[in-house]
Amino acid sequence: MTRKVADCRRFPSETNCTLTIAGEEEEVVQAATEHAVSVHKHTDSAELREQIRNTLELEKTTDAG
């Protein structure tokens with residue numbers, strides 16, 4: 001499974017949001033969209049979801065071995 005990450009710290013906001021969301025791509029897009037609408041007052045749209053999808057990064061893993 002490839003996990004994706006959405007990190008609000010990468011984008012300026014009035015609230016200085018520090019939320020990071022990680023999971024499978026569709027889960028992250030859904031959660032990040034809900035967060036963008038409820039906290040940052042964006043309007044849910046196909047364009048917003050595509051913008052979020054385009055900013056996702058692969059989760060960085062650390063090997064404990």
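**Helices, strands and basis of the model**

Helices and strands here are DSSP runs, numbered from the N terminus, with helices being H or I runs of at least four residues and strands being E runs of at least two. The structure is a predicted model, in which local features need pLDDT of at least 70 and side-chain atom pairs count only at pLDDT 80 or more, while totals for chains, interfaces and linings use all residues. Residues are numbered from 1 along each chain as its sequence is written, and side-chain values use heavy atoms, with hydrogens and water left out.

Threonine 33 belongs to helix α1 and is buried, its relative accessible area being 1%, where buried stands for under 20%, exposed for over 50% and partly exposed for values in between (1.4 Å probe, protein chains only). Leaving aside residues up to four places away in sequence, threonine 33 touches Asp44, Leu48, Arg49 and Ile52, a contact being heavy atoms within 4.5 Å.

Threonine 43, by contrast, is exposed, with a relative accessible area of 63%, and sits in the loop between α1 (25–38) and α2 (46–55). With residues up to four places away in sequence again set aside, threonine 43 touches Val37 and Leu48. Threonine 43 and threonine 33 are 10 residues apart along the chain, and their C-alpha atoms are separated by 8.9 Å.

**The strand pair**

Strands β1 (residues 4–7) and β2 run antiparallel and are joined by 4 bridges, two strands being paired if DSSP finds at least two bridges between them. Aspartate 7 has threonine 20, in β2, as its bridge partner.

**Cysteines**

The structure holds 0 disulfides, a disulfide being a pair of cysteine sulfur atoms within 2.5 Å. Cysteine 8 is in no disulfide, and the nearest cysteine sulfur, that of cysteine 17, is 3.7 Å away, which is too far for a bond. Both residues are buried, cysteine 8 with a relative accessible area of 18% and cysteine 17 with one of 13%.

**The largest pocket**

The largest pocket has a volume of about 420 Å³. A pocket is an open set of points on a 1 Å grid over the protein atoms alone, where a 1.4 Å probe fits, with protein on both sides within 12 Å along at least five of seven lines, and lining residues have an atom within 4 Å of a point. Grid points are joined across faces, edges and corners, and the volume is the space filled by probe spheres set on the points. Of the 19 lining residues, Cys8, Phe11, Ala36, His42 and Ile52 are the closest to the centre of the pocket.
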